[in-house]
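Hi everyone, thanks for making time this morning.

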Amino acid sequence: MKFAHLADTHLGYRQFGLIEREKDFYEVFEKVIDKIIEEKVDFVIHSGDLFETARPSPNALLAFQKGLLKLKGAGIPMYAIAGNHDVVMRKGAIPPQVIFKKLGLKVISPINTNYMHGDIFIAGLPYYPSSQSKVLKSKLAELSKKAAEHEKSILVLHQGIDKYFGYQYELEIGDIPDNFDYYALGHIHKYVNDSFGGGRLVYPGSGEIWKTDELTDYNENGKGFVLVDFDGPKPLVKRVKIDIPREFIIRSLDYNNLESGIAGIKETIKDFDKKPILNLTINNVDSDTSVVYDIINEELGDLALMIRPKFNMLGEESIDDIINQDTGVGPKELLVDQLKGYGDSNVNQLAVDLYDFLSKDKIDESKELVDQFFNEFYNKSKDDVEFKTEEVETEEAPQEKSEDVQVTFNEVLK
Ligand SMILES: [Mn+2]
């Protein structure tokens, strides 16, 4: 028995508001499906964040339908859970995956937590926010008991785990039952393949570069999915890399050598099939930034899909410079010094930015900054926060089930 495991395809995501980027995500998904069919697997598992939003556009729905029908034509079923992006965190909300049940998609939900594929027990749960981790843990214990009755079992989840995602997680590694043979995880966009219990725990990573902070992992591991050979005593995991349609280029340029810097970039990107995204930092700028932007745009605008410039003015210290400094006695310097022992540069930058804003009483800017940070690094939106207060009632009060909305929800998921 062989299966494919993928996650975080985020269909419908229009990165930077560009239709080209939306198409890139569809293109990668199609390549993944074609490769899966070529590999003649027995089934596919999708571990959540199938779509970018809980209300996908017709284009996103069609992109998935196309893939699902191809799989169906090849006789390959897909098992899927909802991720944090697939569901509006509101009472009675249903994920878009449900639409595809009539086309054969096997949706794993709180109502329908498990399936048998031959003699393989496939169980899972959709994403639970951290405010619900108590409920999540008790449901995991139930699934673990059921799994004990089967020879081979798979647990499908879309959660952050402290061991792999230190900033924000709903589960600690010790919370996860250890009697499954394969842990099909989603949520973390980088590739993780770890030994856990008697089996393997895998995050296949996202299909495309969803945030630019995924570039480090992309350069190391690429993007793609995994194939799992489930016949032996332990699952054998093989990563399949799928080329993403366009490159992301990150460069630092010096204002004083702008011309040669631009020439170097032109040389790098001139033969690319698709126009890349350029993330440029221009240091020592001694002129109006709009003038520098015009030069860059004129030289590179036609060769790039998008240019994202950052300007550091001459004599102005960048956050990186400040964090790297050894000397200094002011409160800000002390803060920066303290942060050195803390290895996460994103959090360091947030702390320094907040210090700057708050010491100037910029309260609104600080709130905005924190919102942005959570959105970028924790995949959290305001919808999630609203959910926390409501969902506690839904899960813990059984009488909620008598509500019309909840009945509809249950029936659709059955
Ligand atoms: Mn995701």
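Let's begin at L236, which is found in strand β12, residues 236-241. A strand here is a DSSP run of E with at least two residues, a helix is a run of H or I with at least four, and both are numbered from the N terminus. Please keep in mind that this is a predicted model, in which local features need pLDDT of at least 70, side-chain atom pairs count only at pLDDT 80 or more, and totals for chains, interfaces and linings use all residues. Residues are numbered from 1 along each chain as its sequence is written.

So is L236 buried or exposed? It counts as exposed, because it has 12 C-beta neighbours inside 10 Å. The cut-offs, with C-beta atoms placed from the backbone, are 20 or more other C-beta atoms within 10 Å for buried, 12 or fewer for exposed, and partly exposed in between. Leaving aside neighbours within four places in sequence, L236 is in contact with V228 and D229; contact means C-beta atoms, placed from the backbone, within 7 Å. L236 and K2 are 234 residues apart in sequence, yet 9.5 Å apart in space, C-alpha to C-alpha.

Now the whole chain. Its secondary structure comes to 12 helices and 15 strands, and of its 414 residues, 34% count as buried. Among contacts between residues at least 6 apart in sequence, 70% join residues at least 24 apart.

On to the inside. A nonpolar core is a set of buried Ala, Val, Leu, Ile, Met, Phe, Trp, Tyr and Cys residues joined through C-beta atoms within 7 Å. The largest one has 71 residues, and L11, V44, L155, V156 and A184 have the most contacts inside it. Helix α1, residues 19-38, gives the largest share of this core, with seven residues. Which residues does A184 touch, not counting those up to four places away in sequence? They are H5, I45, S47, I154, L155, V156 and V202. There is also a second, separate core of 10 residues, including L253, V285, I296 and L300.

Last stop, a helix pair. Helix α8 (residues 331-339) and helix α9 (residues 345-359) pack at about 170°, with axes 10 Å apart. Axes are lines fitted to C-alpha atoms, for helices over the stretch in contact, and angles run from 0 to 180 degrees between N-to-C directions. On the α8 side, K332, L335, V336 and L339 meet N348, A351, V352 and Y355 of α9.

How values were computed. Two residues are in contact if their C-beta atoms, placed from the backbone, lie within 7 Å.
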